[in-house]
Amino acid sequence: MKKLFTSDKFFLAMTLCGSVGLVAYLVVAGCLLGFGYVMTRLPLFIEALCVVFLYSSYKKHSKNVMKGLMGALLMTMLLAAINCFSALYSPAEYVFASIYLGVTAILFVSHYIINSDHHSKPGYIKLNQALCIVYALNILAWDSVGLFTSGNLLMIIGCLINIVSCVGVMASVVCVESRLDAYRLEREAAGWTEEKGYPENYVHEYKKK
């Protein structure tokens with residue numbers, strides 16, 4: 001999974017899925033439920049902007065900006081996971097919602113553990129990558145219920161867009177965490193320590209491109 005989550009092409013694809021998907025979801029929601037509902041969901045547009053700025057800050061290697069945006073995105077997902085319990089209708093939905101909440105809560109805590117110091121934490125990165133897969137499968141299974149039970153074409157389109165956008169946002173965050181940890185592993189292998197800093201003539205990975 002490391003190769004996938006450290007791929008720049010995969011990261012770009014997930015950024016597009018997350019940002020474009022969120023905006024498309026607002027459009028479909030507006031067609032289904034009206035402008036008033038869209039106004040209550042405007043935080044999704046802000047979330048889309050955060051995904052775009054996360055990718056931009058990655059390309060500029062603005063690490064502190066990246067960390068802040070990842071925390072913001074994980075918080076929005078955690079709040080969404082908590083809020084969804086107010087609109088559940090079946091026992092199966094409670095199972096899906098519980099998995100959704102558990103995964104986002106662990107990822108939220110893991111983000112701060114990973115960034116608590118300057119050392120690599122490959123174990124947490126592997127955990128995050130595995131949780132991202134679980135998250136994607138859970139969203140797919142949850143929204144598939146709507147796909148097979150809804151007779152409304154717009155509702156079906158909305159479910160498909162929701163799957164794409166949710167997975168895109170989560171995968172974007174995990175891609176950045178994975179890439180940053182790969183940088184840490186490379187510099188530690190080159191002899192970096194927190195006390196001594198970078199070894200002489202060390203070339204940062206982002207400057208090699």
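Which residues form one aromatic cluster? In this predicted model, the cluster is made up of Phe96, Tyr100, Tyr135 and Trp142. The paragraphs below begin with these aromatic residues and then turn to the helices.

A pair of aromatic rings is described by the distance of the centres and the angle of the planes. With rings counted as a pair when their centres lie within 6.5 Å, the structure holds eight aromatic pairs. One of them joins Phe11 and Tyr58: the ring centres are 5.1 Å apart and the planes stand at 80°, so the arrangement is edge-to-face. Phe11 belongs to helix α2 (residues 8–33) and Tyr58 to helix α4 (residues 43–59), so the pair ties together parts that are 47 residues apart in sequence. Both Phe11 and Tyr58 are buried.

Another pair involves two members of the cluster, Tyr100 and Trp142. Their ring centres are 6.1 Å apart, and since the planes meet at 70°, this pair is edge-to-face. Tyr100 lies in helix α6 (residues 91–114), whereas Trp142 lies in helix α7 (residues 122–149); the pair therefore ties together parts that are 42 residues apart in sequence. Tyr100 and Trp142 are both buried.

Helix α6 also contains Ser110. With a relative accessible area of 2%, Ser110 counts as buried, because the limit for that term is under 20%. Which residues is Ser110 in contact with, leaving aside its neighbours within four places in sequence? They are Tyr124 and Asn128.

The account now moves to helix α8. This helix covers residues 153–189, 37 residues in total, and reaches 53 Å from its first C-alpha to its last, close to the 54 Å expected at 1.5 Å a residue. Helix α8 is mostly covered, as 26 of its 37 residues are buried. Elsewhere in the chain, Arg179 lies over the face of Tyr183, at 4.8 Å from the ring centre. Just after α8, Gly191 adopts a positive phi of about 110°.

Two packed helices are described by the angle between their axes and the distance between the axes. Helix α5 (residues 63–83) packs with α8 at an angle of about 145°, and the two axes are 10 Å apart. The crossing of α5 and α8 is left-handed. On the α5 side, the residues that meet α8 are Lys63, Met66, Lys67, Met70, Leu73, Leu74 and Met77. Their counterparts in α8 are Val169, Met170, Val173, Val176, Glu177, Leu180, Arg184 and Arg187.

Note on methods
Residues numbered from 1 in each chain as written. Predicted model: local features only at pLDDT ≥ 70, side-chain atom pairs only at ≥ 80, totals over all residues. Heavy atoms only, no water. Helix = DSSP H or I, 4+ residues; strand = E, 2+ residues; numbered from the N terminus. Expected span 1.5 Å × (residues − 1). Buried < 20%, exposed > 50% of the residue type's maximum accessible area, 1.4 Å probe, protein only. Phe/Tyr/Trp six-rings, centres within 6.5 Å; stacked < 30°, edge-to-face > 60°. Lys NZ or Arg CZ within 6 Å of the ring centre and 35° of its normal. Contact = heavy atoms within 4.5 Å. Axes fitted to C-alpha atoms, helices over the stretch in contact; angles between N-to-C directions. Left-handed = near helix turned anticlockwise from the far one by under 90°.
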